[in-house]
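The following exercises are intended for a reader who is new to this structure. Each task is followed by a solution in steps.

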Amino acid sequence: MQIADKSGLKPLNFDKTQRRFIDVAFNRVKPASYSGAFHCHENIELIYCVSGRLKIAFSSNEILLKKGDWIFINSYCGHSTNPNSSVNEHYLINLNPEILDVASSSPIPKALHFLKKLPDYIHFPANTSREDIYSLFNKAYENFTQGNFVKRLALQSVIMELMCHIFEE
């Protein structure tokens with residue numbers, strides 16, 4: 001994993017008092033000739049491309065997400081996004097790794113232990129057998145709310161299922 005100190009990037013959510021543990025959004029982005037600033041952050045990002053194309057640049061290469069593609073971006077991995085040349089619709093789940101920690105009667109390592117073993121990012125190309133992935137992102141979006149405890153539990157369940165797909169790869 002890229003470490004912010006070594007890459008020279010200051011993480012966006014460096015101030016612990018302002019960090020958010022989870023955000024889920026559905027974005028409709030118009031084509032643009034610009035790209036977002038190259039940045040990193042403590043949170044993990046999961047992005048599912050619903051339509052159009054979204055270019056994600058890393059320090060060593062670029063990934064072009066197309067309809068049905070999704071990507072996992074690990075903590076502190078430097079990246080930027082560019083809506084490319086078409087209207088793009090995508091789900092974005094941005095979550096703090098602490099959400100993945102599971103309390104158990106037997107000792108289980110913290111999620112960070114497992115995340116450090118993963119690469120900076122994992123690209124999952126569109127696949128007809130992955131219709132369930134779209135429905136998981138959609139379910140996460142529908143269950144994202146700050147105040148409803150039951151919906152928050154459902155959201156955490158969806159996130160855990162998505163992370164299982166990542167760790168299985």
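**Exercise 1. State how much accessible surface the chain has, and what share of its residues is buried.**

Solution. The model is predicted, and every value here is computed from it.
Step 1. The chain has an accessible surface of about 9400 Å². Carbon and sulfur atoms account for 53% of that surface.
Step 2. The chain has 169 residues, and 43% of them count as buried.

**Exercise 2. Describe the order of helices and strands along the chain, and the share of contacts between residues 24 or more positions apart.**

Solution. 
Step 1. The secondary structure consists of four helices and eight strands.
Step 2. In sequence order, these elements give the pattern α-β-β-β-β-β-β-β-α-β-α-α.
Step 3. Among the contacts in the chain with a separation of 6 or more, 77% join residues 24 or more positions apart.

**Exercise 3. Identify the residues that touch the most other members of the largest nonpolar core, and the elements that contribute to this core.**

Solution. 
Step 1. The largest nonpolar core has 28 residues, and within it Leu-46 and Phe-72 touch the most other members.
Step 2. Several elements give two or more residues to this core, including strand S1 (22-29), strand S2 (44-51), strand S5 (70-73) and strand S7 (88-95). Helix H2 (111-115), strand S8 (121-124), helix H3 (131-143) and helix H4 (149-168) also belong to that list.
Step 3. The greatest contribution to the core, six residues, comes from H4.
Step 4. Leaving aside residues up to four places away in sequence, the residues that Leu-46 touches include Trp-70, Ile-71, Phe-72, Tyr-91, Phe-137, Leu-162 and Ile-166.

**Exercise 4. Characterise Tyr-76 and Cys-77 in the loop between S5 and S6.**

Solution. 
Step 1. Tyr-76 is placed in the loop between S5 and strand S6 (79-82), and Cys-77 is in the loop between S5 and S6.
Step 2. The phi angle of Tyr-76 is near 60 degrees, which is a positive value in a residue other than glycine.
Step 3. Tyr-76 is partly exposed, at 25% relative accessibility, whereas Cys-77 is buried.
Step 4. Cys-77 is 42 residues from Pro-119 in sequence, and their C-alpha atoms are 9.2 Å apart in space.

**Exercise 5. Name the residues of the nonpolar surface patch of about 350 Å², and locate Phe-114.**

Solution. 
Step 1. Val-102, Ile-108, Phe-114 and Phe-167 make this patch.
Step 2. Phe-114 belongs to helix H2.
Step 3. Phe-114 has a relative accessible area of 34%, so Phe-114 counts as partly exposed.

Technical notes. Residues numbered from 1 in each chain as written. Predicted model: local features only at pLDDT ≥ 70, side-chain atom pairs only at ≥ 80, totals over all residues. Heavy atoms only, no water. Buried < 20%, exposed > 50% of the residue type's maximum accessible area, 1.4 Å probe, protein only. Core = buried A, V, L, I, M, F, W, Y, C linked by side-chain atoms within 4.5 Å. Contact = heavy atoms within 4.5 Å. Patch = residues over 30% accessible without salt bridge, like charges linked within 9 Å, V, L, I, M, F, W, Y side chains within 5 Å. Areas by Shrake-Rupley, 256 points an atom, 1.4 Å probe, with all protein chains shown as cover. Salt bridge = Lys/Arg side-chain N within 4 Å of Asp/Glu carboxyl O.
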